[in-house]
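The account below takes them up after beginning with a single residue.

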Amino acid sequence: NVGAARKSAVLDFGEADCWIGVIITTVAAGGKPGVIVRYTDADNYLIVYADQAAANVRISKVVAGVETIMASVAYTMTTDALLVVRCSGQIIQAFAWNTLRYADGGNIVQATISENETATKHGIGSLSTNTSDRWNNFGGWAPLFMGRADAVMPRPASEEQYAYLRAHDLF
C-alpha cells in the first residue's frame, strides 16, 4: 500500500540506478496505472503513470504523503502499452509505446528529482479504486558497464546466434 490513494507492490532491486519496464493493460477509463520507483515508504517514493483522463504520462514525486507532478507529456494509452522508466542519479525518464516496438518512437518525458535518490525498491502501482488495471512482464535491469561499445561482431553458428562485444568500461 502506497499512501491513502494508491496500491502498490515493490521489490528491493538492490540498485537505485536502473531501468524498470512493464506492459500495462487498463480497462477503466479513469485508470492511473504505473511504475513506482525509488520507494522508501508509503509516504515517500516516485511514480510514473499513464493518466487516462488527462491523456498523458506523468512523473510525480510523493514526499511526506503529498504528490507533486514533476513532468508530463501528452499520451493516450491503449491496451497493452509498454511503459519503461530509467533512473539515473537525479534524472528520471519515462518512455511509453502503444505498440511493443521501439521503432514506433514512443513518447518520452523527463524530470530531475533529488528526493529518494538512493532508494532501491521499485514496483507497480495504481489508484486503489481502480481494480481493472493489469501489469504483465514486469522487470528491471541495470547497466552492465559504463563506457562505449567499439564493435559488435556477429558470430552465428548452427542453431544459435551470438556476438562478440568489444567495449571500454569507465569504471
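At a relative accessible area of 35%, Asp17 counts as partly exposed; by the cut-offs applied, buried means under 20% relative accessible area, exposed over 50%, and partly exposed in between (1.4 Å probe, protein chains only). The model is predicted, so that local features need pLDDT of at least 70 and side-chain atom pairs count only at pLDDT 80 or more, while totals for chains, interfaces and linings use all residues. Residues are numbered from 1 along each chain as its sequence is written, and side-chain values use heavy atoms, with hydrogens and water left out.

Asp17 is placed in the loop between E1 and E2. Setting aside neighbours within four places in sequence, Asp17 is in contact (heavy atoms within 4.5 Å) with Arg38, Cys87, Ser88, Gly89, Ala142 and Pro143. With Arg38, Asp17 forms a salt bridge whose closest N and O atoms are 2.6 Å apart; the term denotes a side-chain nitrogen of Lys or Arg within 4 Å of a carboxyl oxygen of Asp or Glu. Arg38 belongs to strand E3, and the pair links distant parts of the chain. Whereas Asp17 is partly exposed, Arg38 is buried, at 0% relative accessibility.

**The other charged pairs**

Side chains of opposite charge can pair when their charged atoms come close. A search of the whole structure finds four salt bridges. One of them joins the side chains of Lys32 and Asp51, at 3.8 Å from N to O. Lys32 lies in the loop between E2 and E3 and Asp51 in strand E4, so this pair ties together parts that are 19 residues apart in sequence. Lys32 is partly exposed at 22% relative accessibility, while Asp51 is buried at 4%. Asp51 also forms a salt bridge with Arg58, where the closest N and O atoms are 3.0 Å apart. Arg58 is itself buried, with a relative accessible area of 16%. Through shared partners, Lys32, Asp51 and Arg58 are joined into one network of salt bridges.

**Overall fold**

What secondary structure does the protein contain? There are zero helices and 13 strands, where helices (H or I, at least four residues) and strands (E, at least two) are DSSP runs numbered from the N terminus. Of the 171 residues, 36% count as buried. Among contacts between residues at least 6 apart in sequence, 56% join residues at least 24 apart. The protein exposes about 9,300 Å², of which carbon and sulfur atoms supply 53%; accessible areas come from the Shrake-Rupley method with a 1.4 Å probe, and for residues only the protein chains shown count as cover.

**The nonpolar interior**

In soluble globular proteins, nonpolar side chains tend to be buried together. Here the largest nonpolar core has 24 residues, and those with the most contacts inside it are Val48, Val57, Ile59, Leu83 and Ile92. Such a core is a set of buried Ala, Val, Leu, Ile, Met, Phe, Trp, Tyr and Cys residues joined through side-chain atoms within 4.5 Å. Strands E2 (18-25), E3 (34-41), E4 (44-51), E5 (56-63), E7 (81-88), E8 (91-97) and E9 (107-112) each give two or more residues to this core. A second, separate core of six residues includes Ile36, Tyr45, Ile47 and Val62. Not counting residues up to four places away in sequence, Ile59 touches a set of residues that includes Ile47, Val48, Ile69, Ile92, Val109 and Ile113.

**Aromatic pairs**

Across the whole structure, a search finds four aromatic pairs. Rings of Phe, Tyr and Trp (its six-membered ring) pair if their centres lie within 6.5 Å; planes under 30 degrees apart count as stacked, over 60 as edge-to-face and the rest as tilted. Phe13 and Phe138 form an edge-to-face pair, 6.1 Å from centre to centre with 85° between the planes. Phe13 sits in the loop between strand E1 (6-12) and E2, and Phe138 in strand E11 (residues 134-141), 125 residues apart. Phe13 is partly exposed at 26% relative accessibility, as is Phe138 at 30%. Trp19, Phe95 and Trp141 form one aromatic cluster.
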